[in-house]
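Hi everyone, thanks for making time. I'd like to walk you through one structure today, so let's get it up on the screen.

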Amino acid sequence: MAQESELGEEELKLLETSYRFIADATAYDKFIDVWTERLEWIDQHGGNRVDDFLINRHLGSLSAMIKKIALEDTDPKDLVEDAVSSVAGAALILSPNNLVVALNDLAFDKWGVRRGAPTSMHWLDPLSHDNLDQVRRSTIKRGNHLHSIVRTVSDDGRISLAEAFILDEEQHPGLLAIRELDFGWTENLSALLMQSFDLTEAETDVCRLLLDVCGTDEIAEIRSTSVHTIRTQLRTIFAKTQTANQVDLIRLLGLVSAHLARRDNLDSGKWQDPLGNQKIFQDSYGRDIAYSWMGAPDGRPAILSHGMATGYLLHPDGVALLHERNIKLYCISRPSFGDSDPSPRKDASQGAADAIIALAQHLHIDQWVAVGLAVGAIPLFRAVQNPDSRIKGIIGSSTYIPFSADESFDHFSPARRIANRFARTSPTLTELAVMVTYRMMRVKGPEHIWQTMYSACEADKKAANDPECVALIRTAAAMLTAQKHKALTNDMRMIAALWYDDFMQCETPTRFLHGTADAAIPVEKLIATIDGKPNMKLDLIPDAGELLFYYHSDKLVLALADMLDEVIG
């Protein structure tokens, strides 16, 4: 073991860059660059252990510090999540086609919307639809984007005011924020307005009635005065508050009220099944296993094992095909994901396989076909060895294949290469990779991580920037981080494990859908791995990458339907 005094210039540079990331999350790219250079040096000079040249005490301290910051930081700077968590009323972010990208708990409670799911906009007053459309159209024109005040309707029929605005066309194109402004009037708010803006009692009362969704005529009637007087008072209020019109004034009043009424218990990251069908049962270990479903309620059963960063949502076109082909696709939350408890097993693959077998027994499934997204296929190859899994066929989408013990991962993007090398090298470095990734997701948002992970494929880069896919990506991230870093840690262990025997011993009919541009698992590697396996077939999708299940979900469902016809009938 090297001594601290033997640390060379390059080692100190690595430590300096890594510690800098603790203080400044924007140093992430530099962190990746420096570690990439060192990995390349190791490859050129022999040896496969990344931490041979560093004292483990330094690595342990570094990982512990990042872990503390990542898990306990209560003020993440992710713009999307901050937009819904920094207010005291219901708030959500919508994609152009009204998929819910993010929300807080009040939006779920009052408007009945779910992250990642489409909304019918039933909670928006019909008279406000034109205002919302105008805000969206303002992104097409040059100049400032419109900001509008709209009316929302809760499930009990209560009308509230909300602001609608384009979130950030530069960083998050196409995303629209809607945040409730009607938080109720308090004596503190009256005093603050009178003190800060020198409003009279009468002017303050006019402001209160505006927030009660009263029009000028109604305010005049309630205050037993003329409409002319109210309009005069409004002009005076505009001048004192330096607002241009009623829209600006209402927004100001709402934001001041929100500041006073802000509650710290709103949680925008809480996991909620976007399908609205989640159920939880206990397996033989006594742990909770959560699952949901989509497709035909009485259709032929199939199970989906999600990937690490994929979630289990499909494009609406894929869901429609499930109905058309009479398929009920059960979606399990693997151990540590969503509301499923961690596995008691040290072997992450076996723990996930146990959960799949337990679900088959719980549902009294006789036979079904399993779909594995990316790394989600790994536990399927373990589970299928047990007859109790009832798996009669496997569909793999962008499936990971077993890596050899000396795999360099040189075909991966730098960030993914580092993560896989760390996972294969030591538990300490694995935790370091997990905490770096987890912190970046909280600070810059999951899109930044996805764009880094999938930077080597143009189709995946496009998907990661598509506002419709962003809704699915953020839903997957909420599922991944519902139990903080546990799911990410388990999956890193699962990817790094040597599961070659599980893969090669599989005799179950297996069909792979794989993109020709998949940078994580090049087609040539997959072809070489399945060569000589008559039960395994490969369907290549031109110009597609690892995220093909987002933008080719129709092909995935059709392959599933064909497999069901073939092995079950």
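Predicted model: local features only at pLDDT ≥ 70, side-chain atom pairs only at ≥ 80, totals over all residues.

**A walk through the fold**

What covers the buried residues of helix H15? Among the elements doing so are helix H2 (28-45), helix H16 (427-444), helix H17 (446-453) and helix H20 (486-496).

H15 itself runs over residues 414-425, and its 12 residues should span 16 Å at 1.5 Å a residue; the end C-alpha atoms are 16 Å apart, so the two agree. How much of this helix is buried? 10 of the 12 residues are, so H15 is largely enclosed by the rest of the structure. If you click along the helix, the buried set includes Arg 416, Arg 417 and Arg 421, together with Ile 418, Phe 422 and Asn 420.

Let's step back for the overall numbers. The protein has 24 helices and 13 strands. Of its 569 residues, 56% are buried. Taking contacts with a separation of 6 or more, 70% are between residues 24 or more positions apart. The accessible surface is about 24,100 Å², with carbon and sulfur atoms contributing 48% of that.

Now to the sheet. Here 8 strands make an open sheet with mixed pairing, and the order is S6-S7-S9-S8-S10-S11-S12-S13. At the edges sit strand S6 (279-282) and strand S13 (536-541), each pairing on one side only. From one strand to the next, the twist averages 25°.

Last stop, the nonpolar cores. Which residues touch the most other members of the largest core? Among its 112 residues, they are Trp 368, Phe 381, Ile 391, Tyr 400, Trp 450 and Leu 560. Helix H13 (residues 348-363) gives the most to this core, with 9 residues. Looking at Ile 391, and leaving aside neighbours within four places in sequence, its contacts include Ile 356, Trp 368, Leu 380, Val 384 and Thr 508. There is also a second, separate core of 22 residues, with Val 206, Ala 220, Leu 234 and Leu 253 among them.

That's my tour, and I'm happy to take questions.

Methods. Residues numbered from 1 in each chain as written. Heavy atoms only, no water. Helix = DSSP H or I, 4+ residues; strand = E, 2+ residues; numbered from the N terminus. Expected span 1.5 Å × (residues − 1). Buried < 20%, exposed > 50% of the residue type's maximum accessible area, 1.4 Å probe, protein only. Contact = heavy atoms within 4.5 Å. Pairing = 2+ DSSP bridges. Axes fitted to C-alpha atoms, helices over the stretch in contact; angles between N-to-C directions. Areas by Shrake-Rupley, 256 points an atom, 1.4 Å probe, with all protein chains shown as cover. Core = buried A, V, L, I, M, F, W, Y, C linked by side-chain atoms within 4.5 Å.
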